[in-house]
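Notebook open, model loaded. I jotted these entries down as I looked things up, one spot at a time.

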Amino acid sequence: MKAPEIRNWIHSAIVALSLQRSYHPDVTKSLSSTSKMVQPVWTYLAVSRYPLRFAAAAVLALASSAHAVDTTLVQAGFTGVGITPNARVLRWGTLGLAYDNQLPGFPNPKGHNLVAGIGLFPGLEISGRIASNDLNSNCFAPPGCQARDLSANAKIALPLDANGKWHIAGGATDAGGEINFVNTVYGVLTYSTDFFDASAGAAKRRNTTRARPGSPLNGVFGNVVAQPLPWLQGHLEYSDNNAWAGAKLLAPTGWLPQGWNAFAGVNFRLNDNRHTEKSWATVGLTIPLYAVPRLPDAGPKAEPIALLPNQAAEPSYPATVLPPVLQQLAPPAPPASQAPPSEEDFRVLAIALEEKGLEDISVGRLPDGGIAVRANNATYNWNALDAMGVALGLISRQFGSSSLSYRIVLTQRQLPFVGVTGQTNCLKDWIDGRATTCTAGQLFSAGSGDLDELHSGVTWTIREQAGSWKTVRVGLSPVLRTAVATEVGVFDYSLGLRAAFQLPLWQGAVGEIRQVVPVANSSNFSDTGIYSGRRIRSRIDRALFSQAVRVPIGMWTGASPAQATKWGLSSVVAQVHAGRINDYYDGAMGELRWEPGEGRYRIAAQAGWFTMADYHQPVKRAGVLYEPKVATPILASYRYSLMRTRTDFEATGGRFMNRDTGVQLGMTQWFSDVAVSVYYRHTTLDPIPARQFVGVTLSLPLGPRKDMSPGKLVQVTGTPRFGHSLETVVGRSNLVSPGYGVLPDVPDLDSIHNSDRASLLYFEDNMRRIRDAAR
């Protein structure tokens, strides 16, 4: 759209606005330069009795300053205007939330509409929507709840030109489930300028009856949006021979954390229709999921530079390309005239590492006179990259003025999982942002070789300073059980607090006791409520001994170091558990994990035998899966990582805790330390019919990025990973079916492999974060 066309369009709007109480045939003539699709909109404007309804359209006449139009989530579960979509999507890695006091298309449009969506991939957004006329009423008891619906939505968008002016998108709303109040499929084309968006498309709705109007998005539709000021946006839209207008106030960027956006708005119906009330309000918020807060005492962050000479700069969040594989460079020997570090230097470094929260610290001398460091991480529980960065920063500050080789191995629960070798002066240059012509650091993972070999021939001066076995770990985390958008309530919950007491015993071994106490719950989770059996109660939910070991398959098979590296034989890890789990199951379990090479894929298996203490035969009810007296889970899984987008694809199959058998397919998208997973599960237990579920899980760390440093007696930590899932039954009745696909509640091996992020590919792709933590 050219500038003269925009001026004519604005002029047409002003002409329409001037005719507030009467219709005049000249209006149609004055709109001859506009498309036929938008003429009904101006007709509604011309005949409307209420000038206040023109507020949104009047914004167009004020559009004299350029500002990009902000994208917001709307009540139907897509990015758009108020009723109709555009061809935009939520930005990759952005969480969107929206609330409207309106249910367009429902039999009674007055109610509560809540939407949560995420930009899962570039060009793809998914969302969930809860729509209910009432928040607390029981649909089975008079007077009922009218309508209550939990639905899923998705939209895919693509650019059509290099300048980003034209976009095309398609999507669906209210997909899946037994009842579809506003199910719609649509396609839309959007043209964008600096301050103005225009969209047109077509949609097809389902399930429309005289008693149920269905989605207002149907047939040919269109909308125009103008944002003349950074904080003001107005729009007009048309669909199914109906029209609406609206305006939004956008929060100034200085009012919110970096990357956050918030809005509040109002929408008006411009003609009589049964889809909406005369007006309604909307509010929303968007939050970036990939922002990483700074560590305490961290220095300024600079633009990323290459870790090795001639290597391309690592990508900013989110990644779009995979960095090249690190060159296999050996650290050069120091000049003969250089004085080697003294034992006092090693002691100073060990003290500094301890002050930063590392433990089991060993510092010694390499055969070539360089520095060897080994330390355990139990403090940087968001991401072990931070621990590695902090350790490298200390080495560079103390020895960066000398040309010394260094080799550092980082462990979790005393098992090595990442190592770095390099030259101290080049490391300092890289951390400080200066160009370097030598090896600042070369990364190694367990899949690329035996990390213990990096310290072959070392003479240790400090051995296991700040031993981990001296400190009891107290981890505090919330416990949440919910029932969302069911026939008895929109949101029912049982909230508790869990305190986990852990004591490291020896390499790979830990003893743990967890106590759960209830904090609050909704009435349906009370002792007399419908979900009383699932409420959180005060009890010890885990008392467990765990032992993890790295299985020496290479040594058992007599494979050479080259063969062991080729097949990733040093990356096989096993773990056994014995004790109580899941509140009242006693027994034992074993797990095996293999992540060879660069870590692109991981294979795991687990099996166990548990018996329930104080078992009482439950009363059977149709569709509900009860816990058996004896649980014998046996599961296998395969995970593939696509590091280009930081996406994991995983398949798990076998027999679950409640003896149902089936398969679960899932995809996890990582945004820094936040993970969003979507999954499909098919499982059955004869003679109960098979169940199919789809769900989404949000997983994130709770607490500070750096936990309290280990003390002489106790260390209080946050929650490395807190996850909560929302799932629904598909393919049949919406009957609530708890108990399917339950996993044994044991600390799996992923938890000591940086939340399944301990591959060489992952560390190479996140060198920027290592450098930032080093400062």
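**Surface patch.** I began on the outside, where Leu476, Leu497, Val517, Val519, Met708, Leu713, Val714 and Val716 form a nonpolar patch with about 650 Å² of accessible area together. Strand 21 (509–521) and strand 32 (714–717) are the elements that give two or more residues to this patch. My patch rule takes residues with over 30% relative accessible area and no salt bridge, joining nonpolar side chains (Val, Leu, Ile, Met, Phe, Trp, Tyr) within 5 Å and like charges within 9 Å. A salt bridge here is a side-chain nitrogen of Lys or Arg within 4 Å of a carboxyl oxygen of Asp or Glu. Areas are Shrake-Rupley with a 1.4 Å probe, and for residues only the protein chains shown count as cover.

**Ground rules.** This is a predicted model, so I keep in mind that local features need pLDDT of at least 70 and side-chain atom pairs pLDDT 80 or more, while totals for chains, interfaces and linings use all residues. Numbering runs from 1 along each chain as its sequence is written, and side-chain values use heavy atoms, with hydrogens and water left out. Helices (H or I, at least four residues) and strands (E, at least two) are DSSP runs numbered from the N terminus.

I looked up valine 716 in strand 32; at 37% relative accessibility it counts as partly exposed. (Buried is under 20%, exposed over 50%, partly exposed in between, with a 1.4 Å probe and protein chains only.) Glycine 511 sits in strand 21 and is partly exposed too, at 22%. Its C-alpha is 6.4 Å from that of serine 546, 35 residues apart along the chain.

**Asn113.** Is asparagine 113 buried or exposed? Asparagine 113 is buried, at 0% relative accessible area, and belongs to strand 2 (residues 112–121). Its side chain makes a polar contact with the side chain of arginine 129 at 2.7 Å. A polar atom of that asparagine 113 side chain also lies 2.8 Å from the backbone oxygen of glutamine 75. (Polar contact: N or O atoms within 3.5 Å; within protein, one able to donate a hydrogen and the other to accept it, and residues adjacent in sequence count only if both atoms are side-chain atoms.)

**Disulfide.** I got 1 disulfide by the rule of cysteine sulfur atoms within 2.5 Å. Cysteine 426 and cysteine 438 form it, with their sulfur atoms 1.2 Å apart. Cysteine 426 is in helix 7 (residues 424–432) and cysteine 438 in the loop between helix 7 and strand 17 (442–445), so the pair ties together parts 12 residues apart in sequence. The S-S torsion is about -70 degrees, so this disulfide is left-handed.
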